[in-house]
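Student: I've got a model open and I'd like to learn how to read it. Can you walk me through it?

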Amino acid sequence: MNDDIGTMTRRRLLGFAAAMALTAAPLMALQSPAQAASDAAQRIADHFSSVKSMSGEFVQFGPRGEQTGGKFFLERPGKIRFNYEAPSNFKVISDGESVVILNSKMRTSDLYPLSKTPLKLLLDDRIDLSGNKVQSVAEEDDLTTIKLSDKQVFGNSTITMMFDPKTYELRQWTITDAQGKDTTVMVFNVQQGGSFPADTFKIDYKLNRELNTRKKND
């Protein structure tokens with residue numbers, strides 16, 4: 001994998017983790033700013049934890065203005081799938097144990113333990129945002145913005161999520177990486193509940209081994 005593809009891979013993993021916080025809760029008054037920020041973010045996580053399955057569409061804007069999109073599917077705990085539309089044709093799948101990023105165009109398959117990715121944080125039965133993960137929470141008439149950072153999970157990147165303050169629906173999120181480059185994702189047509197075919201979250205481990213063996217031999 002060259003450096004550009006590796007950077008895209010890490011950025012997508014960060015972006016997917018942020019993508020999953022799809023609901024929000026009202027902010028509390030009469031608290032210190034730091035405590036209010038932490039409590040607000042935790043209520044978002046608690047609300048999202050109660051959602052056992054969901055699906056929807058997304059559009060992603062890269063740091064150079066490139067645009068991609070597709071569909072996602074989630075089933076708690078630990079399972080998620082992102083299908084990027086043509087021409088990128090990326091697929092990102094978590095089966096509850098591992099996460100694979102499959103690039104059919106480049107014939108690459110990158111496998112990671114779920115526990116070592118940001119997805120683990122937001123696919124658990126109970127999402128814990130304690131500690132110093134919450135950098136800030138800002139509430140305006142038409143927008144609620146929450147900024148998160150966690151060196152153990154996100155490295156030196158930050159995630160800024162923007163919600164509708166009335167419906168608590170996620171409008172978009174932006175990942176700022178260690179180099180200060182932004183990747184923004186918008187979600188829409190989100191549906192909560194439902195079930196998916198059994199193979200939706202299936203990882204082809206045999207294909208992963210074959211592609212990586214071929215890459216080593218090239």
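Student: How much accessible surface does the protein chain have, and what share of it belongs to carbon and sulfur atoms?

Tutor: Keep in mind that this is a predicted model. The accessible surface of the protein chain is about 11,500 Å², and carbon and sulfur atoms account for 50% of that.

Student: What percentage of the residues count as buried?

Tutor: Buried means under 20% relative accessible area. In the protein chain, 47% of the 218 residues count as buried.

Student: How many helices and strands are there?

Tutor: The protein chain has five helices and eleven strands.

Student: Let's pick one residue. Where does Phe48 lie, and is Phe48 buried or exposed?

Tutor: Look at helix H2, residues 33-49: Phe48 lies there. Phe48 counts as buried because its relative accessibility is 0%. Now find Ile127, which is 79 residues from Phe48 in sequence, yet the two C-alpha atoms are 8.4 Å apart in space.

Student: And across the protein chain, what share of contacts join residues at least 24 apart?

Tutor: Taking contacts between residues at least 6 apart in sequence, 51% join residues at least 24 apart.

Student: How do I read a salt bridge, and how many are there?

Tutor: Look for a side-chain nitrogen of Lys or Arg within 4 Å of a carboxyl oxygen of Asp or Glu. By that rule the count is one: the side chains of Glu75 and Lys79 meet at 4.0 Å, N to O.

Notes. Residues are numbered from 1 along each chain as its sequence is written. This is a predicted model: local features need pLDDT of at least 70, side-chain atom pairs count only at pLDDT 80 or more; totals for chains, interfaces and linings use all residues. Side-chain values use heavy atoms; hydrogens and water are left out. Helices (H or I, at least four residues) and strands (E, at least two) are DSSP runs, numbered from the N terminus. Buried means under 20% relative accessible area, exposed over 50%, partly exposed in between (1.4 Å probe, protein chains only). Contact means heavy atoms within 4.5 Å. Accessible areas come from the Shrake-Rupley method with a 1.4 Å probe; for residues, only the protein chains shown count as cover.
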